[in-house]
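Try each task before reading its solution.

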Amino acid sequence: MKDFVPQPPEAGCRNAPVLKERGQREVFCGLTGIIWLHRKMQDAFFLVVGSRTCAHLLQSAAGVMIFAEPRFGTAILEEKDLAGLACANEELDREVDRLLARRPDIRQLFLVGSCPSEVIKLDLHRAAERLTERHAPHVRVLNYTGSGIETTFTEGEDACLAAMVPTLPDTAERQLLLVGALPDVVEDQAMALLRDMGVSPVRCLPAHRAAETPGVGANTLVALTQPFLNETAACLERRGARILSAPFPFGEEGTTAWLWTIAQEFGVAPDSFARVTDAPRARARKAIAAAAETLRDKSIFFFPDSQLEIPLARFLTRECGMKAVEVGAPFINKQIVGPDLDLLAEGPVISEGQDVDRQLDRCRAARPDLTVCGLGLANPLEAEGMATKWAIELVFTPVHLYEQAGDLAGLFARPLRRRALLSGLEG
Ligand code: SF4
């Protein structure tokens with residue numbers, strides 16, 4: 001049984017000093033989350049109330065969508081709106097009426113705030129209430145902000161799910177709620193593992209369709225699947241749910257610890273747990289070992305982007321033999337990432353927030369073998385001869401649970417192999 005609980009290091013990072021930075025930051029805004037959320041929620045539409053810049057961001061991030069009937073769009077605020085010359089509310093209502101008349105398949109509509117809508121103080125919460133009254137019961141209209149003033153890119157999903165929580169029905173049923181928009185293939189794997197060990201009922205937030213929306217209440221146990229769902233977790237707690245405290249399901253060790261935390265709550269016997277997990281654990285360990293050959297003893301530096309940094313640093317140092325130099329995260333909520341901090345051996349600088357120039361100085365001084373950062377920093381660092389990994393790939397690629405553990409390690413091994421090949425060619 002102790003095999004299911006990771007062995008902590010002599011000293012972990014939970015109580016390590018945190019370097020708090022409050023300067024300029026280089027991160028995508030929360031609109032980016034629409035790209036994976038709209039795939040997950042199949043009868044939802046995301047209407048960004050923003051500018052042409054917002055529309056371009058979405059279109060370029062979701063280039064593949066041009067062949068499909070999209071489930072997101074942008075209501076463009078023109079200059080006259082920004083100058084307050086037109087009633088933006090009336091225009092918004094007209095746009096929504098047109099959209100819903102054309103698309104009867106839409107059951108949930110999200111009005112997504114942006115920098116421009118915040119600057120002109122367009123009250124999207126009032127707009128959502130007004131439009132819900134007008135289009136109920138067929139469509140529920142909710143709002144959240146994805147603005148770059150307020151959010152980093154994974155906070156968009158957090159804001160979206162947090163907006164849904166107050167509308168979830170009450171339930172007294174004892175249930176497990178998986179929270180976070182996992183790719184379907186990963187969600188199916190999680191459901192199969194939990195079903196095979198007898199954990200039931202299990203529901204998901206977000207659900208695929210409005211009709212499958214889960215309830216929440218005092219007997220709801222929440223297993224977060226993503227470490228960036230701070231506000232959602234707080235909203236669920238306010239509805240009486242209990243958030244399970246576990247490392248995140250990245251890598252073999254993290255996945256086992258996450259599942260075992262759930263299993264204990266639902267009275268799963270250790271031998272049943274072993275029967276379900278032994279084979280996928282062995283597969284995960286084997287797949288990780290292949291990539292770890294490239295990663296072992298290499299140093300890694302995380303800029304703060306996705307909020308996945310702490311669980312990933314735990315995985316890469318413990319299961320792949322890497323050495324973390326700095327682990328930066330936009331926010332550190334110890335209630336949520338505490339179990340991962342416990343398992344991350346002390347040593348790396350733990351930083352929260354960003355002051356990009358100072359952090360670049362630290363990164364250049366350390367010359368890590370691999371730097372995890374946003375697109376804007378990757379190119380200049382590559383030009384300086386440093387290998388980089390784009391943080392955004394980590395949220396676009398299936399990386400959770402056993403079957404993806406090898407791919408997760410491979411995402412970090414690839415840039416190192418490429419750089420080794422290039423330097424071989426140059427030599
Ligand atoms: Fe840019 Fe702000 Fe629009 Fe994001 S919300 S694309 S940061 S203008």
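**Exercise 1. Find the residues that touch the most other members of the largest nonpolar core.**

Solution. Start with the term: a nonpolar core is a set of buried Ala, Val, Leu, Ile, Met, Phe, Trp, Tyr and Cys residues joined through C-beta atoms within 7 Å. Buried means 20 or more other C-beta atoms within 10 Å of the residue's own, exposed means 12 or fewer, and partly exposed is in between, with C-beta atoms placed from the backbone. The largest core here has 127 residues, and those touching the most other members are Phe46, Leu47, Val49, Phe110, Leu111, Val112 and Ala409. Helix H11 (residues 270–295) contributes the most to this core, 8 residues. Helices are DSSP runs (H or I, at least four residues), numbered from the N terminus.

Two ground rules before going on. Residues are numbered from 1 along each chain as its sequence is written. The model is predicted, so local features need pLDDT of at least 70 and side-chain atom pairs count only at pLDDT 80 or more, while totals for chains, interfaces and linings use all residues.

**Exercise 2. List what Phe110 touches, not counting residues up to four places away in sequence.**

Solution. Contact means C-beta atoms, placed from the backbone, within 7 Å. By that test Phe110 meets Ala44, Phe46, Leu47, Leu142, Asn143, Tyr144 and Cys160.

**Exercise 3. Is Leu236 buried or exposed?**

Solution. First locate Leu236: helix H9 (residues 230–238). Next, count: 24 other C-beta atoms lie within 10 Å, so Leu236 is buried. Beyond its neighbours within four places in sequence, Leu236 contacts Val165, Val216, Val222, Ala241 and Ile243.

Leaving out residues up to four places away in sequence, Thr232 touches Asp158, Leu161, Ala162, Val165 and Val179.

**Exercise 4. At what angle do the axes of helices H10 and H12 cross?**

Solution. Axes are lines fitted to C-alpha atoms, for helices over the stretch in contact, and angles run from 0 to 180 degrees between N-to-C directions. The axes of H10 (residues 251–265) and H12 (residues 309–320) cross at roughly 120 degrees and come within 8 Å. That makes H10 oblique to H12, because angles under 35 degrees count as roughly parallel, over 145 as roughly antiparallel, 65 to 115 as roughly perpendicular and the rest as oblique. Finally, pick out the residues: Gly251, Glu252, Glu253 and Gly254 in H10 meet Pro311, Arg314, Phe315, Arg318 and Glu319 in H12.

Methods. Helices (H or I, at least four residues) and strands (E, at least two) are DSSP runs, numbered from the N terminus. Two residues are in contact if their C-beta atoms, placed from the backbone, lie within 7 Å.
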